[in-house]
Amino acid sequence: MGLFRRISLNAIVATLATMIAIALAISGGLKAPSIAVSAPPRYSPDVPAKITTPDTTETRIGTLRFKDGAPDPETVKLVYDQLDFGRGVDVFLRGMSATSVYAVCRGLEGVGIKTNQGIGIAENLLDARSLFLTPNTTTVYTLGCIDLKDGPVVLRVPPRVLGPIDDADFRWVTDVGLTGPDKGQGGDYLFVPPGYQGTLPEQGYYLAKPQTNRLIVFYRAFVEKGDIEAAVAGVKAKAAMFPLAQAANPPATGFVNISGVQFNTISANDFSFYEELNAVVQNEPADWVDPDTVGLYASIGIRKGQPFAPDDRLRAILTDSVAVANATARSNLFASRDPRTKLYSDRQWLTPFVGGSYQFLDGAERLLDARSMFFYYATGITPAMSEAKPGTGSAYAGVFRDSAGNYLDGGRTYKVTLPGPIPVKEFWSFTVYDNQTRSLLPTDQKLAGIDSTLPDIQRNPDGGATVWFGPAAPAGHEKNWVQTMPDKGYNVLLRLYGPLEPWFNQTWKPGDLELQQ
């Protein structure tokens, strides 16, 4: 102990002496002693500055601080808040396809169209009282929902219909009717749950094995010679839906007329969007989407078999996320920065199918903005929509702006001319949609648009037509007028049913909407 005390005392004295010497040197009294600098490690890399982290960095989320690369507590909080915010935005943009299917099925259930046993049919066509994403008002819509959790389900399809069956993520499963395997003759389709191991009939059905439990049925019965009642009767006479287990004695299918019924099928733009998505995840197999997407949803707490219960911090962040995500989806739709969305370099018309792929693919590239544009604006996906050939299918062109590039204003009057001859085998139509809901614009006109099947529509001498949009009918143009509403923004879809070659090679173009007053 004595030796230890003497050594410690000697060390203290030596330290004090050194400090005094340095102080005197600084004051000019003595020359400062040299202080040894440790040599670099023998095994030292040549570290590029670009791989190091500065002690302080100014960013859009705030000042980030580090001590020799280690983040301080405030930096950790900023970073994780930003990560959760960004993932909340990504979840909205990726997941809106799934919540859209969920919202349709929930809306149908709400008006008495039961899953696996009910079919909704627009017996008097659709109007603005029913909220759907960009429907048309010229064909008889038929809708229903299937859930395969309890086993295979049979869908009996009537002749002379057209449409897709899509899964819970709005991925195409099969077409039915004219573009499906029944070729418009009608028939029975059998949908089998993911991973199903039971015995299946060897014949008598068009078999489909989707990746998800929930499916949406969406087909149109075409009106011939204006006879809507006949189109409806054709559906009711043949259409059915029932579990395979009851095929020997199927229960009666319930038909519900959805024309004029006030209900909603559009998914949310607020925090409840995430609750809708969680309901989808809980209903589906664990691998219903790819692992990266499963992981994306799980990153904000949406996991199969677990409650979605964000704490106050995460709930506040996701509330902010969905607001920004909704603004992103709207900007992408109303003001796309992708030049490929423009159908013509000198017109305002755009296409919802960039690249011409119903899977939004350009080679190996998934067109993310094109995908979110479509699912924010529309429902129902099928190769027939993007792979139309002359004389078949349908073509679509949307417009949100007038010829000067300004958004369409419901209080102003515009006109648009379709030069003749209009390249269409069947008929053409204009439909107006509310910018808020992307559903039919509420006006005093039931059709919310105009089409070439109307008997009194006025034609131009070349076989084309000029159509007027505005709050009041221009004198002399009442038969070619589509009503809009003051203080309401809107957009327009042009549909060509059976487009002909001049549409595809662009030797024919629709005019822009030109402001008149």
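Helix α2 is the biggest contributor to the lining of the largest cavity, giving 4 residues; helices here are DSSP runs of H or I with at least four residues, strands are E runs of at least two, and both are numbered from the N terminus. The model is a predicted one, where local features need pLDDT of at least 70 and side-chain atom pairs count only at pLDDT 80 or more, while totals for chains, interfaces and linings use all residues. Residues are numbered from 1 along each chain as its sequence is written, and side-chain values use heavy atoms, with hydrogens and water left out.

A cavity is a set of points, on a 1 Å grid over the protein atoms alone, where a 1.4 Å probe fits but cannot get out, and lining residues have an atom within 4 Å of a point. Points are joined across faces, edges and corners, and the volume is the space filled by probe spheres set on them. That rule turns up 2 cavities of 30 Å³ or more.

The largest cavity holds about 90 Å³. Its lining has 13 residues, with M96, S267, F375, Y376 and R438 lying nearest the centre. Two or more lining residues come from each of α2 (73-110) and α7 (368-377). By class, this lining splits into 8 nonpolar, 4 polar and 1 charged, where Ala, Val, Leu, Ile, Met, Phe, Trp, Tyr, Cys and Pro are nonpolar, Asp, Glu, Lys and Arg charged, and the others, Gly among them, polar.

The second largest cavity comes to about 40 Å³. Around it sit T137, T138, S429, F430, T431, L447, G449, I450 and D451, with β20 (424-434) and β21 (449-451) each supplying at least two lining residues. This lining has 3 nonpolar, 5 polar and 1 charged residues.

Key:
On a 1 Å grid over the protein atoms alone, a cavity is a set of points where a 1.4 Å probe fits but cannot get out, and a pocket is an open set with protein on both sides within 12 Å along at least five of seven lines; lining residues have an atom within 4 Å of a point.
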